[in-house]
Amino acid sequence: MNDPRLAKLLGSADTDPGCDHAGELMDEYCELVLRGEPVPERLAEFVTHIANCTACREDTESLLALIRDEEKTDER
Amino acid sequence: MTAVALDRESAEWLRGLQADGPEREQATERLHALLLRVTRGEAARRRSTLPGRALDDVDDLCVQAASDALMAILDKLNTYRGAARFTTWAYKFAIYETSSRLRRHAWRQQKVEMDDTIWDRLPDTALPPLQRLERDQLMAALERAIRERLTERQRMIFQSVTANDVPIDVLAERLASTRGAIYKTLHDARRKLRQALIEAGYGEELTV
């Protein structure tokens, strides 16, 4: 779906596990991203969910920002 | 999820929180202090999303969020399997408690209202005339599906989230529900609408 308006309205048709299951995977996903590792297939549904759900996407961005900041602080 | 070997720091957190007496108390206090730092940091990060009148109560909100996150963590401690560091696992509870509170706080004086004319007023991208006609037809089919295929609750949640940008946590509070349950309703509504558009001959537009 390349129309952003339609994408916002209808989301992705890919399998989406919902907020509760996505919440369980968020910490693992953020650490993988932080380490620059590829996101494995088993986290594909999490990626779909954060594309579909603004609240979970924002929470993931916050967690990622937080652990990035901590990493930088530890490096100093 | 398979249990993995924990890093030293995570193992120490777990041991402290699962211990008895003063060791547990100490670990709990240390975790609470850490969570409070996270909730305050998250509130500072989201400060620009809050209306001026909402800024006064933010620190109280952070304290409540840290306490609720601590309770949730202690409650779910036996589900921690070490897929991420313990602190990363714990921080997500603090972020959830803070972000959901802040979203509700920012909306506390706003109503969530239904407006069926919203679909005519959605911002549109500039398109050549033929594409615009096709897009208008698709949007008309979508509007019809919203009216005919969705339940009243699905329609309300779908419109609030996708057209009015009402945060899902605000709806969860107003409807005495949870983020997960509201999202499930939205997800089901989207699935019905996609199906209706496919049946109306717009399947290609949904996949391109």
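**Exercise 1.** What percentage of the 76 residues in chain A do buried residues make up?

*Solution.* The model is predicted: local features need pLDDT of at least 70, side-chain atom pairs count only at pLDDT 80 or more, and totals for chains, interfaces and linings use all residues. Residues are numbered from 1 along each chain as its sequence is written, chains are lettered from A and ligands numbered from 1 in the order in which they are written, and side-chain values use heavy atoms, with hydrogens and water left out. A residue is buried at under 20% relative accessible area, with a 1.4 Å probe and protein chains only. Buried residues make up 46% of chain A.

**Exercise 2.** Describe the elements and extent of chain A.

*Solution.* Helices (H or I, at least four residues) and strands (E, at least two) are DSSP runs, numbered from the N terminus. Chain A has four helices and zero strands. The order from the N terminus is α-α-α-α. Along the principal axes, the C-alpha atoms of chain A fill a box of roughly 45 × 25 × 20 Å.

**Exercise 3.** Which residues touch the most other members of the largest nonpolar core?

*Solution.* A nonpolar core is a set of buried Ala, Val, Leu, Ile, Met, Phe, Trp, Tyr and Cys residues joined through side-chain atoms within 4.5 Å. The largest one has 77 residues, and Leu31(B), Leu35(B), Ile73(B), Phe86(B) and Leu142(B) touch the most other members. Helix H4 (residues 86-106) of chain B gives the most to this core, nine residues. Contact means heavy atoms within 4.5 Å. Leaving aside neighbours within four places in sequence, Phe86(B) has contacts that include Trp13(B), Leu31(B) and Ile73(B).

**Exercise 4.** At what angle do H2(B) and H4(B) pack?

*Solution.* Axes are lines fitted to C-alpha atoms, for helices over the stretch in contact, and angles run from 0 to 180 degrees between N-to-C directions. Helix H2 (residues 21-45) of chain B packs against H4(B) at about 45°, with the axes 9 Å apart. H2(B) is therefore oblique to H4(B); angles under 35 degrees count as roughly parallel, over 145 as roughly antiparallel, 65 to 115 as roughly perpendicular and the rest as oblique.

**Exercise 5.** Which residues in H2(A) meet H8(B)?

*Solution.* The axes of helix H2 (residues 18-34) of chain A and helix H8 (residues 179-199) of chain B come within 7 Å and cross at roughly 125°. H2(A) is thus oblique to H8(B). Gly18(A), Cys19(A) and Asp20(A) meet Arg179(B), Gly180(B) and Tyr183(B).

How values were computed
Buried < 20%, exposed > 50% of the residue type's maximum accessible area, 1.4 Å probe, protein only.
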